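Subject: Structure handover

Hello,

Here is the structure I promised you. Please open it next to this email and follow along.

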Amino acid sequence: MTDTLADALPREIKRVQEKKERWAVYAADMDKHAPGSSAGMRLSMNIMQAEIDTAVAVLASGDVVAMMASHEALKGYDND
């Protein structure tokens, strides 16, 4: 079965959303030990959310070029 962009983009959205949710737990834990220490993580999480929001919007629009760009942007996030 062929994997299409319409299949792959939602998968990447989900994967990055899950990463962001993991980071939110880590950030809360960091702040318990050193208040404010998670500022960098929170900035990164905001950027991730912006990428996710863009990907959802372009997926709904059907703009294939924008979908490809969003897919590549999301693929840039590792699973750490």
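First, a term you will need throughout: contact means heavy atoms within 4.5 Å. Helices (H or I, at least four residues) and strands (E, at least two) are DSSP runs, numbered from the N terminus.

Now the ground rules. This is a predicted model, in which local features need pLDDT of at least 70 and side-chain atom pairs count only at pLDDT 80 or more, while totals for chains, interfaces and linings use all residues. Residues are numbered from 1 along each chain as its sequence is written, and side-chain values use heavy atoms, with hydrogens and water left out.

**The overall picture**

The protein has 3 helices and 0 strands. Read from the N terminus, the order is α-α-α. Along the principal axes, the C-alpha atoms fill a box of roughly 45 × 25 × 15 Å. Of the 80 residues, 28% count as buried. Buried means under 20% relative accessible area; exposed means over 50%, and partly exposed lies in between (1.4 Å probe, protein chains only). Take the contacts with a separation of 6 or more: residues 24 or more positions apart account for 65% of them.

**Helix lengths**

The expected span of a helix is 1.5 Å times one less than its number of residues. α1 has 29 residues and should span 42 Å. Its end C-alpha atoms are 42 Å apart, which agrees. α2 has 23 residues and should span 33 Å. The end C-alpha atoms of α2 are 33 Å apart, so that agrees too. After α2 comes Gly 62, with a positive phi near 80°.

**How the helices pack**

Some terms before the pairs. Axes are lines fitted to C-alpha atoms, for helices over the stretch in contact, and angles run from 0 to 180 degrees between N-to-C directions. Angles under 35 degrees count as roughly parallel, over 145 as roughly antiparallel, 65 to 115 as roughly perpendicular and the rest as oblique. A crossing is left-handed if the near helix is turned anticlockwise from the far one by less than a right angle, and right-handed if clockwise. For residue classes, Ala, Val, Leu, Ile, Met, Phe, Trp, Tyr, Cys and Pro count as nonpolar; Asp, Glu, Lys and Arg are charged; the others, Gly among them, are polar.

Start with α1 and α2. They pack at an angle of about 160°, with axes 10 Å apart. The two are therefore roughly antiparallel. Their crossing is left-handed. The contact of α1 with α2 has 18 nonpolar, 3 polar and 4 charged residues.

Next, α2 (residues 39–61) and α3 (residues 64–75). Their angle is about 150°, and their axes are 9 Å apart. That makes α2 roughly antiparallel to α3. This crossing is left-handed. On the α2 side, Glu 51, Ile 52, Thr 54, Ala 55, Val 58 and Leu 59 take part; they meet Ala 66, Met 67, Ser 70, Ala 73 and Leu 74 of α3. By class, the contact of α2 with α3 holds 8 nonpolar, 2 polar and 1 charged residues.

Last, α1 and α3. Their axes come within 9 Å and cross at roughly 35°. The crossing of α1 and α3 is left-handed. Residues of α1 in this contact include Leu 5, Leu 9 and Ile 13, and those of α3 include Val 64, Met 67 and His 71. The contact of α1 with α3 divides into 10 nonpolar, 2 polar and 3 charged residues.

**What is buried**

In α1, the buried residues include Leu 9, Glu 12, Arg 15, Lys 19 and Trp 23. What covers the buried residues of α1 includes α2 and α3. In α2, the buried residues are Met 41, Met 45, Met 48, Ile 52, Ala 55 and Val 58. Their cover includes α1 (5–33) and α3.

Which helix holds Ser 70? Ser 70 is found in α3. Ser 70 is buried, with a relative accessible area of 5%. Leaving out residues up to four places away in sequence, Ser 70 touches Leu 9, Thr 54, Ala 55 and Val 58.

His 71 also lies in α3. At 12% relative accessibility, His 71 counts as buried. Beyond its neighbours within four places in sequence, His 71 is in contact with Leu 5, Ala 8, Leu 9 and Glu 12.

Best wishes
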